[in-house]
Amino acid sequence: MGAPRFVADVMLGRLARWLRLVGCDVLYDRLGEDSALLARALLEGRILLTRDVALAKRAGENGYFVKTEGFRAQFAEIVRSFGIAPDFKSEFCPECGGRTVEVSRESVEGGVPEYTLQTHEAFRRCPNCGKIYWEGSHRRLAAAELEKILSCKNEDRSNT
Ligand SMILES: [Zn+2]
């Protein structure tokens, strides 16, 4: 069991970011070629998310053709299709998909705004790209946005 892991094709950068924000392990390489993405998916048992029907077919059981357009609709589609339970304590870096680690408050001094430093206790850093995160506004915004996306998608579906 456990949440599905994904590889997103080059068209799906924003979707990849959103999925990471809710706790999904998503590989995304904006220069990635189809065959390389496919190989990664098969090798690591990931689902290849793609807007390319032929590529989804090639990936077989590891492929998923993303039917909707626009990252909001796509995000809602994937959350629903895979029954993803959003986890806002996600350890994945939304920027690059690296696994963030907890770091001390002292160690982020100078790397975050002074106000943030004074008002937060817990910080995480991505060892991959160096980004620093804290329990703050952007995650709350993401949660609110997610709720909006999922609830309005509900209304849209009434006629399907
Ligand atoms: Zn990162």
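**Note on a predicted chain with a four-stranded parallel sheet**

1. Serine 107 is found in the loop between β5 (101-103) and α5 (114-119), where helices (H or I, at least four residues) and strands (E, at least two) are DSSP runs numbered from the N terminus. Serine 107 and phenylalanine 123 lie 16 residues apart in sequence, and their C-alpha atoms are 9.2 Å apart in space.

2. Some points on reading the model come next. This is a predicted model, in which local features need pLDDT of at least 70 and side-chain atom pairs count only at pLDDT 80 or more, while totals for chains, interfaces and linings use all residues. Residues are numbered from 1 along each chain as its sequence is written.

3. On the chain as a whole, there are six helices and seven strands, and read along the sequence they follow the pattern β-α-β-α-β-α-β-α-β-α-β-β-α. The C-alpha atoms fill a box of roughly 50 × 40 × 30 Å, taken along the principal axes. Of the 160 residues, 27% count as buried. Contacts, meaning pairs of residues whose C-beta atoms, placed from the backbone, lie within 7 Å, can also be sorted by separation: among those with a separation of 6 or more, 50% are between residues 24 or more positions apart.

4. The sheet deserves a careful look. It is an open sheet of four strands in the order β2-β1-β3-β4, with parallel pairing, two strands being paired if DSSP finds at least two bridges between them. Strands β2 and β4 stand at the edges with a single partner strand each, so one side of each is left without a neighbour in the sheet. From one strand to the next the twist averages 25°, where axes are lines fitted to C-alpha atoms, for helices over the stretch in contact, and angles run from 0 to 180 degrees between N-to-C directions. Helix α2 packs on this sheet and touches β1, β2 and β3, its direction making about 150° with that of β3.

5. The pairings can be followed strand by strand. Strands β1 and β2 pair in the parallel sense over three bridges, with tyrosine 28 in β2 as the bridge partner of alanine 8. Three bridges also join β1 to β3, again parallel, and here valine 7 has leucine 48 of β3 as its bridge partner. Leucine 48 in turn has glycine 63 as its bridge partner in β4, and β3 and β4 (residues 63-65) run parallel, joined by three bridges. Together with helix α3 (residues 53-58), β3 and β4 make a right-handed β-α-β unit, a crossover being right-handed if, with the strands pointing away from the viewer, the path from the first strand over the helix to the second runs clockwise. Both faces of β3 are covered, with Ile47 and Leu49 buried on one side and Leu48 and Thr50 buried on the other.

6. Leucine 15 touches Ala8, Leu49, Phe71, Gln74, Phe75 and Ile78, leaving aside residues up to four places away in sequence. In helix α4 (residues 71-81), the buried residues are Gln74, Phe75, Ala76, Ile78 and Val79.

7. Glycine 23, in the loop between α1 and β2, has a positive phi, near 105°, and is partly exposed, with 16 other C-beta atoms within 10 Å. Its contacts beyond four places in sequence are Ala3, Pro86, Asp87, Ser90 and Phe92; the C-alpha atoms of glycine 23 and aspartate 87, 64 residues apart along the chain, are separated by 5.1 Å. Glycine 83, which follows α4, also has a positive phi, near 55°.

Definitions and conventions. A residue is buried if 20 or more other C-beta atoms lie within 10 Å of its own, exposed if 12 or fewer, and partly exposed in between; C-beta atoms are placed from the backbone. Two residues are in contact if their C-beta atoms, placed from the backbone, lie within 7 Å.
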